[in-house]
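Please have the sequence and the model open while I talk.

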Amino acid sequence: MAVYSLLPNLFETLAPKIIGESVRRAELATEKLMLDRKRMCLDYYYGEVLADDGGEDSYLRNYFRRWNANLNSWDEPAYPGYEHVPVTKLMIDNKARVYSCQPERKVVKSGKPEDASEYTTLLKKSGWFSKVKTVERMVQLLSRIAVGVFVDDRTKRLYFDVVKEFYEYFSVDDEFQQTPVGILYPTALRGKNNEPLWAYWDAVEKRILDGSGITQTIEPNPFGVLPFFFPQREDGCTNPRSELAIANQGINVGMTALNQFLQRPGFTQLI
């Protein structure tokens with residue numbers, strides 16, 4: 001008697017779903033890891049590490065608290081004396097380079113490149129020459145950022161928004177994801193329940209969405225192109241410089257330990 005197994009057919013049916021779900025989970029885990037690393041780098045660059053400076057002491061607290069088995073809780077040090085040394089900011093600011101002389105810009109008219117002096121003047125009046133320093137610093141820190149280019153209706157000049165946390169969208173034909181066709185990023189706007197709202201742009205439209213992905217407003221894109229460009233490090237790396245922030249964390253731990261040692265004649269009693 002022939003014996004037939006349903007397992008091959010069942011696997012063929014479930015395999016695409018299983019693989020798709022695994023890929024989706026891996027992508028979500030990677031995105032969360034990258035976002036956590038970005039936020040750590042930004043905290044260390046802007047000095048928002050300690051509670052006194054707008055942080056939460058969370059980067060240092062785990063190194064100095066002790067588990068109390070009797071109380072089933074953590075014992076926080078009576079005088080932590082947490083220290084932060086701004087190594088990340090100093091190194092990123094020194095690494096960032098900006099040309100003292102602006103590059104020669106040209107536009108193509110009638111098939112021939114011509115000097116774009118009017119465009120260079122517009123950039124200067126719009127504040128790009130000073131904004132580019134911030135852009136370069138964020139590129140060196142986060143490796144890849146988004147910069148929105150918009151037009152001020154009142155002054156008829158350009159203004160630039162540096163976006164540090166964002167999600168890119170690519171065409172299904174862009175196998176290596178080289179050219180973004182859309183961008184989604186959190187804004188300072190708040191919804192009815194005080195939740196942050198998100199902005200989505202592509203070449204056709206702009207949307208404002210709530211945290212559940214429900215569209216609040218939609219309007220046509222007046223520019224006809226995606227008004228963002230995406231500068232990144234010259235070595236092609238897209239990972240934030242979390243290793244620099246982690247090294248900075250180690251320095252902070254050492255300085256905090258030294259501070260506690262100087263405050264105590266032994267290990268338990270303050271001087």
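Predicted model: local features only at pLDDT ≥ 70, side-chain atom pairs only at ≥ 80, totals over all residues.

**Strands, a helix and one threonine**

Let me begin with strand E9 (residues 196-202) and strand E10 (residues 205-209), which pair in the antiparallel sense over four bridges; strands here are DSSP runs of E with at least two residues, helices are runs of H or I with at least four, both numbered from the N terminus, and two strands pair if DSSP finds at least two bridges between them. Within this pair, Tyr 200 stands opposite Arg 207 in E10. Both strands belong to an open, antiparallel sheet of five, in the order E7-E8-E9-E10-E11, and its edge strands, E7 (167-170) and E11 (215-220), each pair on one side only.

Residues are numbered from 1 along each chain as its sequence is written, and side-chain values use heavy atoms, leaving out hydrogens and water.

Now, is Thr 88 buried or exposed? Thr 88, which lies in helix H3 (residues 87-95), is buried, with a relative accessible area of 1%, where buried means under 20%, exposed over 50% and partly exposed in between, using a 1.4 Å probe and protein chains only. Leaving aside neighbours within four places in sequence, Thr 88 is in contact (heavy atoms within 4.5 Å) with residues including Tyr 44, Leu 141 and Asn 248.

Finally, Leu 141 is also among the buried residues of helix H5, and H5 is followed by Ser 143, whose phi is positive, near 75 degrees.
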